Amino acid sequence: MFPTDSRGFDIAVIGMAGRFPGAASIDEFWENVRQGRETIAQFATDEQKGRTVTGGHPVGAKGVLDDADRFDAGFFGLSPRDAALTDPQQRVLLECAHTALEHAGCDYQRYSGAIGVYVGGSQPDYLRRNLLPNRELVAEMGELSLALANERDHLATRISYALDLHGPSLNVQTACSSSLVAIVTACHALLARQCDVALAGGVSVTLPLRGGYHYEPGGITSPDGHCRSFDARAQGTVPGNGVGAVVLKRLADALADGDHVHAVIKGGAVNNDGALKVGYTAPSVDGQARVIAQAQAAAGVAPDTIGYLETHGTGTRLGDPIEVAALTEAFRAGTDRTGFCALGSAKPNIGHLDAAAGVAGFIKAVMALKAAELPPLPHFEQPNPMLDLDRTPFYVTTERRPWESEGPRRAGVSSFGMGGTNAHVILEEAPAEAPRTGTPEAVVLPLSARSGEALAEAARRLADRLDADPDLQPADVARTLQTGRREFGVRRSVVAASRTEAARALREQPADPDVAVDAVVGTAFAFAGQGSQYPGMARQLYAGRREFRELVDECAEAFHPELGLDIRTLLHPAGHDEAAAQRLARTDLAQAALFTVQYALAQQLMALGVQPAALVGHSLGEYTAACLAGVLDLADAVRLISVRGRLIRQLPPGAMLAARAGVEVLRPLLGDGVEIAAVNAPEAVVLSGPTSAVAAVRDRLTAAGIEARPLQTSHAFHSAALDPVLAEFAAEVGRITLRAPEIPLVSTLTGTWATAEEITDPAYWVRQLREPVRFGDAAATLLAAGDLLVMEVGPGGTLAGHLRAVPGRRPGHRITHALGHRSDQRPDRETLLAAVGQAWTAGARVDWAAVGPDQDARRTPLPGYAFERQRHWIEEPAAVPRPAPPAPAPAIAPPAPFTASAAAASPRPTAGLSTEDRIGDWVAEIWSRMLGVERIGRQDNFFDLGGHSLLATRLAARLSDELQVPLSVADVFDHPSVGALTAVVVARAPETGFLEQMLEIRDEIAALSDEEIADLMTEDDHR
């Protein structure tokens, strides 16, 4: 029992998950309960006859758990074969554990504390009925493998292994009370600080999955398939299957961490009846009364403050009166009041879930507290007269009603196990949340899954939830998704400022196809040249982002001595300052302002976790790229840009023209002094030269039907007009230290990756000022590196447009920008958040705490992962037709079990194949049987396909036996692909021609009929 001092006992329920008869989630379960629905399945008698033990009379009823034979094996790293050999209780509990932690907003892969596991389960029927009777299967897989995958001893540790949890991992087995005892044990561990978060619950999946039972008079089961707890007609319970889990945390920690608290466990206790009762399986008034009183004392609450009791409530003639007598005895120690506490039980709704019964009742009580509702008790008409209910503190409600209470609502939950281990828990409604402060802002909602289909389903579920819950705050949703969910390889993100906007964005078809993160190289930053600047650019970021503001201030102060003014007055003029706009068009000021914004924005992105894998810059933008790559430090970059701008400003005016045609088309139309200044894309070329000459070229292009647009520039950049200043600029570059790039950089001078030798040569930067910008070639080089996101870092999206026009651009090449154009209506903050979200979809490790939302955001329950379940099941031998002799291996899907004819069947024609290729096919087929994977390639990794050390031992033995070549488990570890292992087999063949003989024997077996094989095996048995 826990200490009776309630100080510090409070344990928060921060997450819940469950699958119950007629309910795939706790929300569906609660809706069924509050509507008073019975979800016990009723079968025709002949449908279940013969599936259960003989004796008594058959009753066609059971609480059926849908999809108990189906499982998302790949999600948990199991091969199809291992999944089919694993007890369904372990499988459904694994999924439930993950869902419960998701519901709590706890990403167990990133959580720094210790997470403990406390669970219980029913007897492993699957092992006893379906696996062990298959002698061939036992011989092939070994008893240890089957025991590890099925015995109850491994329920908790399998969860800890699959989810990589490091807290205590305990199985709790006390029969029907197992899961509530597990919850109390988890509370104890939290109070003892053995863990920081605890997952507790239970599972029961008994066979057959759909089938009734045999009623025996005097037993605990109902003769008509209905459970009538506390009713005069009660004659027993109905068995059922189900699974449930809850996530617990010390209340003070939960509140400090911004967790969503569903309810608070105020106290709990566990005891045993001992020997003072009729028999080992009989209940005891004294034991039950004692555990209830102990729990109330541990909680420090008076009995008359408890308004609802979720009872064990089996609906048996003996059990119900004993339970009410025990409750009355415990309550009478503190109150004489009558009829103030409602009695309930989940068993009339879903049946008796054995080891999962306690957690089902616990979840029901928590949901009642959250809804402030008292649910009805199905099938209750008249109280069992033996209860003497009118003299007790209790009553039964047959209709859903509001739960009125003068103080905090409280509930008790009981669960009693055969053998006398009793558990009771006191629950209290969650403390009121503090009022919200601040104005809602746009947030990033990141979603991920293991496949595009699962991701689409996740988006649909979240959109439905946003539409259905008007109290849901986008900031809470963002925090939960950003920090409380595992990050998978297929990703999507949306930015929204409201609930309806978020739902609409989630329902829209994403612009880019899903690309797996493991195929993405990363994010590349692209920086535009002069011309994209405008007054007011990044004004919102300057006001709202501290890091960005500090970086802009640093650059402005560095430029001030060079320019003689504070460029912040031009970047962020008061109101509509036409003079500021005109001054910002001046070359030296424009270049300083553009570099400042680009540099600050790039550093801001990097502070948020978006680290560039590559950099590229157009003309002036290459200085920003070089500074970020470490070629230039900030002071030298400021100095060079200032000198560059001042020298160009001293030159005579010139003009530039953007033409929509290829270089070869344009060359014949150029006049004297007009040069190609940039090739940005195959049909995006910039011309530069004297103003009059450029005007003449424009007329010729127009006459030829070629679109040509003058650029807003003051000089003829990247042309002969710059020749007079090259020597002075070269001298300036020679005075600074240039370093090798620390981040790969694509040169727009050469159109390929910059080398350390060339980019640290001052002559490179002189040529970079004078010669054409080969951005189109640089973009093609960048995209050739693989699937990646290219982000234009700076105002507008000019470079993004050029990148989209690169020939050979693939769906995996995503293009975006981090700051809008002056005409964009979208706020700067939203554009930045969208860019961060897209970088995350491309695999960036985003620092979500830095991204936001603000500290007022809390975790909130959201729909869980959309598992992609498939059937993994080995049928009970009696249900499989067995030709004689021999008996086939158990029916397992997919793939089909091993038979001689199946083993000899080759996946491809053998004519023309080398001996090593044919041996490789044989090795792949053995792998396929052991792993349950239908198609295995030469380079597939055994462990990536779900293999493990124990299976590797069996695989080595099977390969050695079939191929007659000695192999060890170390060989599988050292050569984990089919191709590598085949090479080992070939190298170890005992003599020349041995493997060819083995293949001939295999071909001879393949030519035999099943009857001939059976005859040979029978003869061998006789010998």
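Hi everyone, let me begin with a definition: a nonpolar core here is a set of buried Ala, Val, Leu, Ile, Met, Phe, Trp, Tyr and Cys residues joined through side-chain atoms within 4.5 Å. Buried means under 20% relative accessible area, exposed is over 50%, and partly exposed is in between, with a 1.4 Å probe and protein chains only.

Some housekeeping. This is a predicted model, where local features need pLDDT of at least 70 and side-chain atom pairs count only at pLDDT 80 or more, while totals for chains, interfaces and linings use all residues. Residues are numbered from 1 along each chain as its sequence is written, and side-chain values use heavy atoms, leaving out hydrogens and water.

So, to the largest nonpolar core. It has 113 residues, and the members touching the most others are F525, F595, L605, F729, W765, V790 and M791. Helix α22, residues 587-607, contributes the most to this core, with twelve residues. Helices (H or I, at least four residues) and strands (E, at least two) are DSSP runs, numbered from the N terminus. Let's zoom in on L605: leaving out residues up to four places away in sequence, L605 touches F525, V610, M791, V793, A818, L832 and V836. Contact, by the way, means heavy atoms within 4.5 Å. Apart from this core lies another, of 106 residues, with A68, F76, L85 and L199 among them.

What does α22 lie across? It lies across β21, β22 and β28 (787-792), running at about 160° to β21. Axes are lines fitted to C-alpha atoms, for helices over the stretch in contact, and angles run from 0 to 180 degrees between N-to-C directions. Those strands belong to an open, parallel sheet of five, in the order β27-β22-β21-β28-β29. At the edges stand β27 (745-746) and β29 (814-817), each with a single partner strand, so one side of each has no neighbour in the sheet. Two strands pair if DSSP finds at least two bridges between them; β21 (residues 520-527) and β22 (residues 612-617) have five. One detail I like: F525, among the core members touching the most others, has L615 as its bridge partner in β22.

Next, a second open sheet, with four antiparallel strands in the order β24-β25-β23-β26. Its edge strands are β24 (675-681) and β26 (708-710), each with a single partner, so one side of each is left without a neighbour in the sheet. On average, neighbouring strands of this sheet are turned by 25° against each other, direction ignored. Strands β23 (residues 655-659) and β25 (residues 684-689) pair over five bridges, and L657 has L687 as its partner in β25. Helix α26 (residues 691-703) lies across β23, β25 and β26, at about 20° to β23.

How buried is strand β19, residues 443-449? Seven of its seven residues are buried, so β19 is largely enclosed by the rest of the structure. V443, L445, L447 and A449 cover one side, with V444, P446 and S448 on the other. Seven bridges join β19 to the antiparallel strand β20, residues 490-496.

Last stop: D231, in the loop between β9 (213-215) and β10 (242-250). Is D231 buried or exposed? At 1% relative accessibility, D231 counts as buried. Leaving aside neighbours within four places in sequence, D231 is in contact with H379, F380, E381, Q382, P383 and N384. Thanks, everyone!
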